[in-house]
Amino acid sequence: MSENKGVIQGFKEFLMRGNVIELAVAVVVGAAFTNIVQAVVKGVINPIIGALGSQNLDHYKACLSASCHPDKKTGEFTDGIYILWGSVLSAALTFLITAAVVYFLMILPINKWKARQDARKPLDDGPADPTEIELLTEIRDALIAQRTGSPSANGSTAGTIGHQKTQ
C-alpha cells in the first residue's frame, strides 16, 4: 500500500512542477496560434503569390514524366507522376511565419526580461564558504595543535577557525 502511495505522490509532484503546466499551456496556445497563422497564409500570403497564377498554392504542380495530361475541365492531372510543390511552399511559409512570430513576440521579449532580472541581482563577490571537509580539516589541525602545543604540520593555525566564526 505504501508503494502505491509513493507512486501516486510522485505522480502528483510531477504534475505540480511548473514545467508540466507551462508545457500544457504552450501546447494549447500553440494550437490556437497555428490556426491564426494558417489563416494569414491562406488569406493574405497565398493571394499575393496567387497574383502570379492560382490563388490556391495547392494547384501549383510539376509533372515528372512526359505522359502527364491534365483534364481539360478540372485541370487535374489524370495520369503521370507529379509533385505538389505548391503545398510544400504553403507549409514552409506557414512554418517560417510561425517561427518568426514566436521568436519576435515571445522568445526575444522573455530573453530581454530575463537579462534585466539577472542584471538587477546583486553580485556575490565575497569568498566562497568553506566546505565541510575544509572545516573538519581545520578543526582536526587545531585539535592536534592544542595537544602538541605547536602549529599543525599543514601550516594552518587554530586562529583560522576563530576567524571564520567571527565573520
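Predicted model: local features only at pLDDT ≥ 70, side-chain atom pairs only at ≥ 80, totals over all residues.
Residues are numbered from 1 along each chain as its sequence is written, and side-chain values use heavy atoms, without hydrogens and water. Local features need pLDDT of at least 70 and side-chain atom pairs count only at pLDDT 80 or more, whereas totals for chains, interfaces and linings use all residues.

**View 1. Helix α3, residues 85–120.** Helices are DSSP runs (H or I, at least four residues), numbered from the N terminus. The end C-alpha atoms of α3 are 51 Å apart, which agrees with the 52 Å that its 36 residues should span (1.5 Å times one less than the number of residues). At Y103, α3 bends by about 40 degrees (the angle between axes fitted to the seven residues ending there and the seven starting there). G86, S90, T94 and T98 of this helix are buried (under 20% relative accessible area; exposed is over 50%, partly exposed in between; 1.4 Å probe, protein chains only).

**View 2. The aromatic pair of Y103 and F104.** A search of the whole structure finds 1 aromatic pair (ring centres of Phe, Tyr or Trp, the latter by its six-membered ring, within 6.5 Å; planes under 30 degrees apart are stacked, over 60 edge-to-face, the rest tilted). Y103 and F104 are edge-to-face, 5.1 Å centre to centre with 80 degrees between the planes. Y103 counts as partly exposed because its relative accessibility is 40%; F104, at 52%, counts as exposed.

Definitions and conventions. Helix = DSSP H or I, 4+ residues; strand = E, 2+ residues; numbered from the N terminus.
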